[in-house]
Amino acid sequence: MTKPDLSDPAIIERLAAALEAAGVDGIEITRPDQSLLIRVAKSANGPVRQFSSGKPDAAARPAVVKSPMAGEFWPSDPSRSGASASSTAGDTVGFLRVGPILLPIAAGPSKRLRRHLVEPGTVVGFGDPIAEFEPEA
Amino acid sequence: MMQSHQRFDTVLIANRGEIALRVVRACREMGLKAVVVCSEADRDSAYARSADQSICIGPSTVSKSYLNQNAILLAARLTGAGAVHPGYGFLSENTRFSAAVEAAGLTFIGPDANAIATMGDKIAAKSAMVAAGVPCVPGPDTELASEPQAIRKTAADIGYPVIVKAAGGGGGRGMRVVLDEAELLQAVALTREEARKAFGTPALYMEKFLQHPRHIEIQVLCDTHGNAVWLGHRDCSMQRRHQKVVEEAPAPGISDVLIGPVGAACVKACKQIGYRGVGTFEFLYEDGAFYFIEMNTRLQVEHPVTEETSGVDIVQQQLRVAQGETLSMEQGNVTCIGHAIECRINAEDPATFMPSAGVITALELPEGEGVRVDTHVEAGYKVSPYYDSLIAKLIVHGRDRTDAMQRMRAALASFKLEGIATNLPLLRELFEDAAFAEGETDIHYLEKWLKTRGAA
């Protein structure tokens, strides 16, 4: 089987449409010869909401990342022992195992992980809160 | 025929609202675990939480949740479900979904993709019915010829009035009634042109036009071992814009002698096409004759009236058939007793029929002997604008139709729901109508009645 050309606009378009339909905000494919990163532009009611409250004390409240789809939550890559998700700003804070795919969950900009809200291996649904972040300074 | 016999202990319910709760109840009574998938709008509903497990699969929009086949199959995998119950609507009659569920190694609680496809194709379904001796609307099950002489002959053979329909049409569009030969050719030419423009194909077919039919349907139940029974008949003539409002079983004024052979032919058709699970044969009925219109290859909204009269739990039977069990009854054991009526309680304005959304601030459901309410709502429930307006089904069972009508009047009177508009006032008024109380009104009756009372 020939490998698909990841620079083919038609393939990129199809992947982007599939991500949007599944409510996923991005995908990263890496192989020896090519790599591809797609991020779906978020609308106001987009699937992933790293929100902070609009109330005056919003800065004091922790921000929460919600699950972009149903899946099994893992704080670190379950296939690699010791490869823990980073807790630094903008990095991956966990993974969602969805069938054979491991979907990284990003913290978003300037966010430091305070704690995970679900146990490793828990089945989470779309929109379930999975991690809490320190409020922005 | 594809037969899925594997046993399962967990059922994923790919639906929402009252029917999701109805399937949860059947699972619980059979010792099966029930998983409910839900959208963001339904995630906090008590009904979703009442299942053994509920999992939110997407946003409120149905295309991203209840119609999202991949998300549903994924949820089945995540929760370890062995079977998928599609309920009604949504993906319940989707051949691709039935096939995808089976391809994923799960049991689809419903017929296989081939049976759904055959019954979804009007010409194929009619051919299958003719082969089994099910009475159909007079007219050839082939495309209408284009030569004037052949068109005249087809119409004359059927007998006027006839109806010319676009083969690719549906939903009441692309059809024209022809009363006599003088207007035939022009009507055909106009319909053909409309069909070409609207449906992309000029293909037409012609049938007998029934002027004052009733909508009668027959419930069937089939296992995967070649056994099938019919569980009596229903009358669903009380409709507005093709939406059923009140259903009852049995259909009033139709003798067992008249409908018996039709029921037997439906059973024969099921056996011939290797049908499995529950299904409904829909007929138009006029002047003592039945005319097949279509088969619904799913559990129907109005199944409770048949459950009440036949004493058969249709949803449990679906689960048993899907487990590969043999039907526990033969036709001789099926006895229908008394009369049952169902009212669909919709969140809609009783005068304008506009859907209403909002919070139910108070709810008191009718109770008592012979009264059943299938609902997922409670006080505090927020009726979402995203979905069908059905919020409850009120079902009564009496010793005869008069008794059932009286029970329904009392039940409607004690049904208290505040916070949103519902069709309860309309139903209360309808049950005071003399012609409806008499029975045997046709499918146009409700719309005429609404016009005369100045609504809609």
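Visitor: How many residues of domain 1 of chain A are in contact with domain 2 of chain A?

Guide: Five residues of domain 1 of chain A are in contact with five residues of domain 2 of chain A, contact meaning that C-beta atoms, placed from the backbone, lie within 7 Å. This is a predicted model, in which local features need pLDDT of at least 70, side-chain atom pairs count only at pLDDT 80 or more, and totals for chains, interfaces and linings use all residues. Residues are numbered from 1 along each chain as its sequence is written, while chains are lettered from A and ligands numbered from 1 in the order in which they are written.

Visitor: And where does chain A meet chain B, how many residues does each give?

Guide: The contact takes 13 residues from chain A and 15 residues from chain B.

Visitor: Switching to chain B, at what angle do α7(B) and α8(B) cross?

Guide: The axes of α7(B) (residues 148-158) and α8(B) (residues 184-199) come within 10 Å and cross at roughly 105 degrees, the axes being lines fitted to C-alpha atoms over the stretch in contact, with angles from 0 to 180 degrees between N-to-C directions. The two helices, which are DSSP runs of H or I with at least four residues, numbered from the N terminus, are therefore roughly perpendicular to each other, a label for angles of 65 to 115 degrees.

Visitor: Which residues make that contact?

Guide: From α7(B) come B:Pro148, B:Ile151, B:Arg152 and B:Ala155, and from α8(B) come B:Leu184, B:Leu185 and B:Val188.

Visitor: What about α10(B), how many of its residues are buried?

Guide: Eight of the eight residues of α10(B), residues 303-310, are buried, that is, 20 or more other C-beta atoms lie within 10 Å of their own, with C-beta atoms placed from the backbone. Just after α10(B), B:Gly311 takes a positive phi of about 75 degrees.

Conventions: Two residues are in contact if their C-beta atoms, placed from the backbone, lie within 7 Å. A residue is buried if 20 or more other C-beta atoms lie within 10 Å of its own, exposed if 12 or fewer, and partly exposed in between; C-beta atoms are placed from the backbone. Angles under 35 degrees count as roughly parallel, over 145 as roughly antiparallel, 65 to 115 as roughly perpendicular and the rest as oblique.
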